[in-house]
Amino acid sequence: LPLAFQVKNKAPAEVQITAEQLLREAKERELELLPPPPQQKITDVEELNDYKLRKRKTFEDNIRKNRTVISNWIKYAQWEESLKEIQRARSIYERALDVDYRNVTLWLKYAEMEMKNRQVNHARNIWDRAITTLPRVNQFWYKYTYMEEMLGNVAGSRQVFERWMEWQPEEQAWHSYINFELRYKEVDRARSIYERYILFSTLHWCFFNKALLVIVHPDVKNWIKYARFEEKHSYFAHARKVYERAVEFFGEEHMDEHLYVAFAKFEENQKEFERVRVIYKYALDRIPKQDAQNLFKNYTIFEKKFGDRRGIEDIIVSKRRFQYEEEVKANPHNYDAWFDYLRLVESDADAETVREVYERAIANVPPIQEKRHWKRYIYLWINYALYEELEAKASKRTRQVYQACIELLPHKKFTFAKMWLLYAQFEIRQKNLPLARRALGTSIGKCPKNKLFKGYIELELQLREFDRCRKLYEKFLEFAPENCTSWIKFAELETILGDIDRARAIYELAIGQPRLDMPEVLWKSYIDFEIEQEEYEKTRNLYRRLLQRTQHVKVWISFAQFELSAGREERLQRCRQIYEEANKAMRSCEEKEERVMLLESWRGFEEEFGTDATKERIDKLMPEKIKKRRKLQAEDGSDAGWEEYYDYIFPEDTANQPNLKLLAMAKLWKKQQQESEAAAMDPDKDIDESQT
């Protein structure tokens, strides 16, 4: 390339121009005002004709280029109109209609031109042609009727409306006709138009579309408007008749809440409150609840305004009942909704209605035979039985409810003891003891449970049938020999009856069981039993037998306190001896806190009953509390840091472990080393101390 075309400096320019900047500048320059074209002044006729010729040639060229662009025709006609060339403008509109006679704007501009230039007959001619050609364009009809009305030609406007109604237009057209008649106080004519409109709307059109019959029903709001028209003009009898015709026409298949609300409000305005109440109740009984929300609301407002307390409660209960019906219909196994529904029904409805709802509720059996799914369901049966017994006073039906529930339960998988016990208690209230015993016996035979045994035994105890109680306890212990509470209750029963030997034998059998759920409670009860009988030697033997099984610190402390409370002269010596034995036995115990607990109990005993020597001795046995650190490990075996904890060092253990003495000497040596280092760091302090 020549040197002139070679770029010498290839570095980026200091000012960078972006595409966005170029577009913004172009947009800004579009807004700059261009100089207006020079004004042309026409001075004679020849110049005017020349100007018209050039403009017409331009318009004709545009039309010739694209005949379907109606805006070119309209601009051409409006330019001719501005020159008062009405005939030419009319000719242009006619030529445009030949091109596109379906263009609504073209007809409107044509008619507006004739009206603007006061060519009324021409305008009528155009409107007639327009509504004949396009009868479904409502704008033509509205403009035509408005023009006739503005000209004062009421009869002509009415005639246009009549021609329009023959085409069966939409709803607004009928209302426009009615409002036209009302403007001239023609109420009878307006009523006749309403009648024609209602008659037209009540006709059923049937359309066959792919062998499917579709029936178009009239709208409720047309009847309501007709009735309100009669009410507005004080024709109340006619208005009521319109509402009655509407109710009769729609029947029960196509009921609409809006019709009944309007009918009720009309009667309310006429102070016919009983008729209003009848209308609301008739509609609520027949309209589906989900479609009657507005009806409920208006009925509630009416009762609050004009009804008594009972009426208000009825409507509120009815509304809540509808809500609960919807909830249980959506989820039949929602037992909480059934409980609320039943509580509402019991407070207001009769017995048959309550029973019907209960039967519907208990019919929704849980689909899975697992007890957790039945826990809420079983209370439906319980509430049903209690209602029949307490509210309905029907003992026979109550018995049937209990028996049906017991037959329904899958006893091989699980049962509900409360159901058997409630049934037995019901039979006792009916003074039918054999049936109560039979029910409880059957329950124990089919599905034995601790609660059933306890309930049966409690029943027999109340009846003072002690032999039956003994037999039941025997069966109970055969069923659950590990239940310490049942052993204790059995022994307490024998104690109350005065048979001490049987009670002691029961305790012996109990502590001899290989597996117990609460052995400490059982042993404590046995020991307390012997203490109450003042059998101290047997109590000591029990403590010794218990210590052979466990060396728990609480057992030693309890043993020592027993010896202290035995009430003999050597009680202090015996108690101290027990503490000595316990201390020796606890030396090998890993739980140092238990040993500390024992020593603290011992020290409390010595402070109250001991001498100075024994107090000094127990003080020497008390451990030293020190803080230690130990390494922690996470679950994956990695180091998790260090943890501080407190440990106890007992003097007796220190004497037997020489390593502890060595550790103490090492600590003392370290302390001396730290003191010597501190003295070396501060020689002046050493001089002062030596002088001192």
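**Rings and charges**

Guide: Start with two rings. Tyr 194 and Phe 229 are both buried. Keep in mind that this is a predicted model.

Visitor: What makes the pair of Tyr 194 and Phe 229 tilted?

Guide: The ring centres of Tyr 194 and Phe 229 are 5.0 Å apart, and the planes stand at 40°. Centres within 6.5 Å make a pair. Stacked needs planes under 30 degrees apart, and edge-to-face needs over 60.

Visitor: Where in the chain are Tyr 194 and Phe 229?

Guide: In distant parts, 35 residues apart. Tyr 194 is in helix H10 (residues 187–202), and Phe 229 is in helix H11 (residues 220–232).

Visitor: Why are Trp 338 and Tyr 341 called stacked?

Guide: Their planes are at 25°. That is under 30 degrees, so the word is stacked. The centres lie 6.3 Å apart, which is within the 6.5 Å limit.

Visitor: How far apart are Trp 338 and Tyr 341 in helix H17?

Guide: They are 3 residues apart in helix H17 (residues 335–348), about one helical turn.

Visitor: Is Trp 338 buried or exposed, and how do you know?

Guide: Trp 338 has a relative accessible area of 3%. Buried means under 20%, so Trp 338 is buried. Tyr 341 is also at 3%, so Tyr 341 counts as buried by that cut-off.

Visitor: How many aromatic pairs are there?

Guide: The count comes to 35 aromatic pairs. Ring pairs also build a cluster, linking Trp 141, Tyr 142, Phe 161, Trp 164, Tyr 177, Phe 180 and Tyr 184.

Visitor: Now the charges. How many salt bridges does the structure hold?

Guide: It holds 43 salt bridges.

Visitor: What makes Asp 61 and Lys 57 a salt bridge?

Guide: Their closest N and O atoms are 3.4 Å apart. The cut-off is within 4 Å, so the pair counts. Both residues lie in helix H2 (residues 45–65), 4 residues apart, about one turn of the helix.

Visitor: Why is Lys 57 called exposed, and Asp 61 partly exposed?

Guide: Lys 57 has 54% relative accessibility. Exposed means over 50%, so Lys 57 qualifies. Asp 61 is at 22%. Buried would need under 20%, so Asp 61 is partly exposed.

Visitor: How do you know that Arg 129 and Glu 94 form a salt bridge?

Guide: The closest N and O atoms of Arg 129 and Glu 94 are 2.9 Å apart, within the 4 Å limit. This pair links distant parts of the chain, 35 residues apart: Arg 129 in helix H6 (residues 120–133) and Glu 94 in helix H4 (residues 86–99). Arg 129 is partly exposed at 29% relative accessibility. Glu 94 is partly exposed at 26%.

Visitor: What makes Asp 499 and Arg 502 a salt bridge?

Guide: Their closest N and O atoms are 3.7 Å apart, again within 4 Å. Salt bridges that share partners join Asp 467, Arg 470, Glu 494, Asp 499 and Arg 502 into one network.

Visitor: Which residues gather in a patch of positive charge on the surface?

Guide: Arg 228, Lys 265, Lys 297, Lys 304 and Lys 319 do. One of them, Lys 265, is found in helix H13 (residues 257–269).

Visitor: Why is Lys 265 called partly exposed?

Guide: Lys 265 has a relative accessible area of 41%. That falls between the 20% and 50% cut-offs, so Lys 265 is partly exposed.

Conventions. Residues are numbered from 1 along each chain as its sequence is written. This is a predicted model: local features need pLDDT of at least 70, side-chain atom pairs count only at pLDDT 80 or more; totals for chains, interfaces and linings use all residues. Side-chain values use heavy atoms; hydrogens and water are left out. A salt bridge is a side-chain nitrogen of Lys or Arg within 4 Å of a carboxyl oxygen of Asp or Glu. Helices (H or I, at least four residues) and strands (E, at least two) are DSSP runs, numbered from the N terminus. Buried means under 20% relative accessible area, exposed over 50%, partly exposed in between (1.4 Å probe, protein chains only). Patches are made of residues with over 30% relative accessible area and no salt bridge: like charges are joined within 9 Å, nonpolar side chains (Val, Leu, Ile, Met, Phe, Trp, Tyr) within 5 Å. Accessible areas come from the Shrake-Rupley method with a 1.4 Å probe; for residues, only the protein chains shown count as cover. Lys and Arg count as positive and Asp and Glu as negative; His and the chain ends are not counted. The place of a charge is taken as NZ of Lys, CZ of Arg, CG of Asp or CD of Glu. Rings of Phe, Tyr and Trp (its six-membered ring) pair if their centres lie within 6.5 Å; planes under 30 degrees apart count as stacked, over 60 as edge-to-face and the rest as tilted.
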